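Subject: Structure handover, covalent and charged links

Hello,

Please find the structure below. My notes on its disulfides and salt bridges follow it.

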Amino acid sequence: MRFQFLQYGCWAGTTKNISNGGNCCDLPCAAPSAPTNTTAASQQVICANKTTTLSATSTGTVNWYSSPTSTLSLGTGTTYITPALSAGTYTYYAGATTCTASVSRTAITVTVNPAPLVAVNSGSVCSGNSFTLVPTGASTYTYSTVTPVVGPVATTAVSAVLNSTVAGTSAQGCTNTAVSSFTVYGLPGATITPSSGNACIHGGSITLTGSPAGGTYSGTNVSANSFTPATTGTFTPMYSYTSTTTGCSNTASTSIVVSPCTGINVHTNDQTAIHIYPNPGSGEFTVEFTNDTEKQINVMDITGRLVYTTKSLQDKTPVNISFLSNGMYYIQIQSGDRVETIKIVKQ
């Protein structure tokens, strides 16, 4: 026994029971079969920059390798988690070991699909308008703003920058994101001012002044920056201005009242008739009333506010309101128990 142990090493490292009889040496070591691949199909096709879990079973210990002949084990056990993989095709090998290694290794291939190259437009929009996101590079998209049409809240600031994220998914189920950055510009200020808010039909034209300069005028009886009182009624001239910096526009409006302006009241008794002339006039009017009685003359604006007053015993009394702005006024003449109110127009 000692001789055999030393010469052949039959019992080296093991305990033998001689009473069992038979060959005292171990039987030859049988190599295990190659492991069986049990990796789920979903783990063999993944998206870029992800890890995956490979699995295999065997009667021996499973070892993982990067090639069919590599001696450097990547890991041991029935599962192996890969590092994050970029797009491409990768093959890992599972081998089995008992008292010796399996003759062959089982190849497990992983296909890594690329993430889609998602892109989305950026730009600018004027306050109160919507901005439409137009992504490319994927099959389907989702938006941080829920829909691709963004309706920014109106802003009074000169500008505000907003960001919106778009997630795109490829036909292989891989995703990527892109960010749209767009500027919301505030609307420019715009005003329009008429030289008079009142006019007589067929009277002189009214000049319109829009600000900032460089805009356009529009409306009934409006030509360039002039309003012509061709018909009676209330008119609304418009002024539109577009900023040369942002391209945003704004509009302002004003109101002009055009009246018949029939002039003085006419009485059947010419001796007591009240005449006011010229009407319309530039600001210097004459009130003619022949009755040898003191006359109280009041001038009121269209709101009824008293803007001028005088008394006179003369048959012809001058009334000078050239210091007042152009427009429609009322002259009230009171003498004794008689009161007359006549509309005049200063232009």
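A residue is called buried when its relative accessible area is under 20%, exposed when it is over 50%, and partly exposed in between (1.4 Å probe, protein chains only). This is a predicted model, so local features need pLDDT of at least 70 and side-chain atom pairs count only at pLDDT 80 or more, while totals for chains, interfaces and linings use all residues. Residues are numbered from 1 along each chain as its sequence is written, and side-chain values use heavy atoms, with hydrogens and water left out.

Salt bridges

A salt bridge here is a side-chain nitrogen of Lys or Arg within 4 Å of a carboxyl oxygen of Asp or Glu. The structure has 2 of them. One pairs Asp-301 with Arg-305, where the closest N and O atoms are 3.2 Å apart. Asp-301 counts as buried because its relative accessibility is 11%, whereas Arg-305, at 53%, counts as exposed. Another pairs Arg-338 with Glu-340, with 3.5 Å between the closest N and O atoms. Glu-340 is buried, its relative accessible area being 14%.

Disulfides

A disulfide is a covalent bond between the sulfur atoms of two cysteines. Here a pair of cysteine sulfur atoms is counted when they lie within 2.5 Å, and the count comes to 3 disulfides.

Cys-29 is joined to Cys-99, with an S to S distance of 1.3 Å. This link of Cys-29 and Cys-99 is right-handed, with 90° about the S-S bond. Cys-29 sits in the loop between helix 1 (2-8) and strand 1 (36-37) and Cys-99 in the loop between strand 7 (88-97) and strand 8 (106-113), so the pair ties together parts 70 residues apart in sequence. Helices (H or I, at least four residues) and strands (E, at least two) are DSSP runs, numbered from the N terminus. Cys-29 is partly exposed at 40%, and Cys-99 is exposed at 57%.

Cys-47 and Cys-174 form a disulfide with their sulfur atoms 2.0 Å apart. The torsion about their S-S bond is about -95°, so this disulfide is left-handed. Cys-47 lies in strand 2 (residues 45-47) and Cys-174 in the loop between strand 15 (159-169) and strand 16 (175-185), 127 residues apart. Cys-47 is buried at 19%, and Cys-174 is buried at 1%.

Cys-126 is joined to Cys-248, S to S 2.0 Å. Their link is left-handed, with -100° about the S-S bond. Cys-126 and Cys-248 are both buried.

Regards
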